[in-house]
Amino acid sequence: MELARLANGSSIAFERVGDAAGEPVIVLPGGPCRGPEYIGDLAGLGDVRPLIVVHFRGTTASADASPGWWLESDAVIAILDHLGLDEADILGHSAGTRVALATMTRHPGRIRRAALVTPAASWLTGTQHDIAEIAARRADPIIDHALTAPTDLPDTEAEFQGVLQQEAPLGYAHWTALEQQHARVGTTTRAATLGWFSTIPDDAPAQILAADLPPLLVVAAAEDMLSGVRPTLAYAEALGAKQAWIADCGHYPWIERPEEFRTILNGWMTQG
């Protein structure tokens with residue numbers, strides 16, 4: 001684990017994953033503020049190019065409270081400066097894609113291109129979520145139970161953790177031992193979630209959509225009940241991003257469809 005320092009004196013932790021040579025890819029996990037161990041090595045992408053996996057503030061390794069995803073973009077730049085990189089490629093997952101967009105908007109010229117994997121989507125365009133339509137295809141009592149979880153932030157940490165456990169099946173296209181094991185990897189907290197959504201400007205979506213963004217690739221999953229299909233389509237179109245869709249897959253494609261995921265990202269990581 002390494003630390004990079006920000007101008008305000010706080011620090012951001014990151015770790016290097018993979019033994020590949022070449023320029024690293026900066027990896028922004030989701031959660032929000034979920035322990036990045038759930039990322040693993042992204043189906044072996046660390047063998048293609050080295051991965052720099054960020055531990056956002058609010059996680060165990062970066063002990064400071066999260067300043068909110070908009071300002072967390074400053075931490076990404078601190079890591080680039082620490083590594084001596086004028087610019088870099090970034091890969092964001094889920095909530096981490098918000099930081100990717102904030103970084104490209106607030107620090108133009110520092111990000112060469114970005115892959116946005118199963119992004120949090122509906123907040124950007126206001127497109128209605130289609131989780132009910134996706135869930136109906138499952139006809140699974142486990143999914144029906146997951147859908148009854150409270151949508152408001154619970155009052156206590158114990159209740160918060162209970163909601164996370166109840167909602168976990170919504171992140172996957174299947175709920176076998178493989179998915180159940182992955183769902184237990186990496187934790188977050190109620191306080192970190194509160195911090196993640198603090199100090200966000202009301203016009204953040206407008207700023208992002210008006211920005212001159214570098215080339216974007218959205219990697220989406222056809223059975224992703226967390227991001228949704230319709231919101232993700234609208235998100236990618238609004239950003240002018242290329243799209244790559246993975247069938248029979250949920251929110252974590254490197255877990256459920258590792259070969260398809262690696263093929264898509266290998267092409268993105270090795271393109272000139």
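Modeller: Not counting residues up to four places away in sequence, Pro24 touches Arg49, Pro50, Ile52, Leu85 and Asp89, where contact means heavy atoms within 4.5 Å. The model is a predicted one, in which local features need pLDDT of at least 70 and side-chain atom pairs count only at pLDDT 80 or more, while totals for chains, interfaces and linings use all residues. Residues are numbered from 1 along each chain as its sequence is written, and side-chain values use heavy atoms, with hydrogens and water left out.

Pro24 sits in the loop between β2 (11-17) and β3; helices (H or I, at least four residues) and strands (E, at least two) are DSSP runs numbered from the N terminus. With a relative accessible area of 14%, Pro24 is buried, the classes being buried under 20%, exposed over 50% and partly exposed in between (1.4 Å probe, protein chains only). The C-alpha atoms of Pro24 and Leu51 lie 5.4 Å apart in space, although 27 residues separate the two in sequence.

A second pairing of this kind involves Val53 of strand β4. Val53 is buried at a relative accessible area of 1%. Its contacts, leaving aside neighbours within four places in sequence, are Ala13, Phe14, Glu15, Val17, Val27, Pro29 and Pro36. The loop between β3 (25-28) and β4 (51-55) also holds Pro32. The peptide bond leading from Gly31 into Pro32 is cis, with omega near 0°.

Other backbone exceptions occur further along the chain. Most residues other than glycine have a negative phi, and most peptide bonds are trans. Thr118, not a glycine, has a positive phi of about 35°. Thr118 belongs to the loop between β6 (111-117) and α3 (122-125) and counts as buried at 1% relative accessibility. Asp248 likewise takes a positive phi, near 50°. Asp248 is placed in the loop between β8 (242-246) and α11 (253-256), and with 33% relative accessibility it counts as partly exposed.

In helix α4 (residues 131-138), the buried residues are Ile134, Ala135 and Arg138. Viewed down the axis of α4, these fall within an arc of 95°, so they line one face of the helix; the arc is that of the directions from the helix axis to the C-beta atoms. The face turned away from the buried side of α4 carries exposed Ala132, Ala136 and Arg137. The cover over the buried residues of α4 includes α5 (141-146) and α10 (229-239).

Helix α10 contains Thr232, which is buried at 2% relative accessibility. Apart from neighbours within four places in sequence, Thr232 is in contact with Pro119, Ala121, Val218, Ala220, Ser227 and Trp245.

Helix α5 also takes part in the packing of α6. The buried residues of α6 (residues 157-167) are Phe160, Val163 and Gln166. They cover an arc of only 125° around the axis, which puts them on the same side of α6. Against them pack α5 and α8 (190-196), while the face turned away from the buried side carries the exposed residues Ala158 and Gln165.

As for the whole chain, the secondary structure comes to twelve helices and eight strands. Of contacts between residues at least 6 apart in sequence, 78% join residues at least 24 apart. Buried residues make up 54% of the 272 residues. The radius of gyration is 17 Å, which agrees with the value near 19 Å that a compact globule of 272 residues would have; the radius is taken over C-alpha atoms, and the globule rule is 2.2 Å times the number of residues to the power 0.38. The C-alpha trace spans about 50 × 40 × 35 Å along its principal axes.
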